[in-house]
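I opened the model to see how the chain is put together. These are my notes, in the order I looked things up.

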Amino acid sequence: MNVPLLVAGSLGLLGAGVHGVGGEVLVVRRLSPSVLPSSPFGGPVITKAMIRATWHMTTIAFLTVGSVLVLSGSVLHGDTARGLGLVAAGASTGFAALAVGGALAQGPRSLFRHPGPALLTVVAVLAWSGIA
């Protein structure tokens, strides 16, 4: 059993759950089509549908990476566990880089306004330490 990978994966799964449910309730449902722009694909209702789809695709990506980390840390062994762990660690690093970079673009204080950048960074660090 690989504890860093299990913890990374568990945190990733927790983050996916919060992102999916919390995002739907606190963000996506609150978007009013009356304030959303049209897109080349349709009016504001289509824009909201595209935001919802993108939001939940991201949630599925978090769920997938978290699941792979848990599996790599528990039931998978050898080269298979390491290979899948490397892919998941790389994806986690990409998620963390986007979140931290986006927060920093808004100013350093933005890093502390939302738990996402910190959580994603912890998952990436644990994932890399688990496959080291």
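**Contacts along the chain**

I began with contacts. Of those in the protein chain with a separation of 6 or more, 67% are between residues 24 or more positions apart. I note here that the model is predicted.

**Overall layout**

I listed the secondary structure next. The protein chain has 4 helices and 0 strands, and its pattern along the sequence reads α-α-α-α. I took the extent of the C-alpha trace along its principal axes, and the protein chain spans about 55 × 30 × 25 Å.

I then looked at burial. The protein chain has 132 residues, and 30% of them are buried. Its accessible surface is about 7700 Å², and carbon and sulfur atoms account for 74% of that.

**Helix H1**

I checked the length of H1 against its residue count. Helix H1 covers residues 3-28, which is 26 residues, and at 1.5 Å a residue these should span 38 Å. The end C-alpha atoms of H1 are 35 Å apart, which agrees. I also looked for bends, and found a kink of about 40° in H1, centred on Gly22.

At the start of H1 I looked at Asn2. A side-chain oxygen of Asn2 comes to within 3.2 Å of the backbone nitrogen of Leu5.

I went through the buried positions of H1. They include the glycines Gly9, Gly12, Gly15, Gly20 and Gly23. Leu5, Leu6, Ala8, Ala16, Glu24 and Val28 are also buried in H1. As a reminder to myself, an α-helix has 3.6 residues a turn, so residues three or four places apart point the same way. What do the buried residues of H1 pack against? They pack against helix H2 (44-73) and helix H4 (116-131).

**Helix H2**

I repeated the length check on H2. It has 30 residues, and the distance from its first C-alpha to its last is 44 Å, close to the 44 Å expected at 1.5 Å a residue. Buried residues in H2 include Lys48, Val65, Gly66, Leu69, Ser72 and Gly73. The buried residues of H2 pack against H1, H3 and H4.

Thr47 lies in helix H2 and has a relative accessible area of 11%, so Thr47 is buried. Setting aside residues up to four places away in sequence, Thr47 touches Leu36, Pro37, Ser38 and Ser39.

Thr59 is also placed in helix H2. Its relative accessibility is 12%, so Thr59 counts as buried. With neighbours within four places in sequence left aside, Thr59 is in contact with Ala16, His19 and Gly20. Two of these contacts, Ala16 and Gly20, are listed among the buried residues of H1.

**The aromatic pair**

I searched for paired aromatic rings. The count comes to 1 aromatic pair. How far apart are the ring centres of Phe62 and Phe95, and at what angle are their planes? The centres are 4.9 Å apart and the planes are at 80°, so the pair is edge-to-face; the cut-off for that label is over 60 degrees.

Phe62 lies in helix H2 and Phe95 in helix H3 (residues 78-106), so the pair ties together parts that are 33 residues apart in sequence. Is Phe62 buried or exposed? At 14% relative accessibility, Phe62 counts as buried. Phe95 has a relative accessible area of 22% and is partly exposed. The line between the two classes is 20%.

**Two loop leucines**

Leu31 is in the loop between H1 and H2, and at 24% relative accessibility Leu31 counts as partly exposed. Leaving out residues up to four places away in sequence, Leu31 touches Leu36, Lys48 and Ile51.

Leu76 lies in the loop between H2 and H3. Leu76 is partly exposed, at 24% relative accessibility. I took one distance from Leu76: its C-alpha atom is separated by 31 Å from that of Ala53, 23 residues apart along the chain. With residues up to four places away in sequence not counted, Leu76 touches Leu71, Ala81 and Leu84.

Technical notes. Residues are numbered from 1 along each chain as its sequence is written. This is a predicted model: local features need pLDDT of at least 70, side-chain atom pairs count only at pLDDT 80 or more; totals for chains, interfaces and linings use all residues. Side-chain values use heavy atoms; hydrogens and water are left out. The expected span of a helix is 1.5 Å times one less than its number of residues. The bend at a residue is the angle between axes fitted to the seven residues ending there and the seven starting there. Buried means under 20% relative accessible area, exposed over 50%, partly exposed in between (1.4 Å probe, protein chains only). Contact means heavy atoms within 4.5 Å. A polar contact is a pair of N or O atoms within 3.5 Å; within protein, one must be able to donate a hydrogen and the other to accept it, and residues adjacent in sequence count only if both atoms are side-chain atoms. Accessible areas come from the Shrake-Rupley method with a 1.4 Å probe; for residues, only the protein chains shown count as cover. Rings of Phe, Tyr and Trp (its six-membered ring) pair if their centres lie within 6.5 Å; planes under 30 degrees apart count as stacked, over 60 as edge-to-face and the rest as tilted.
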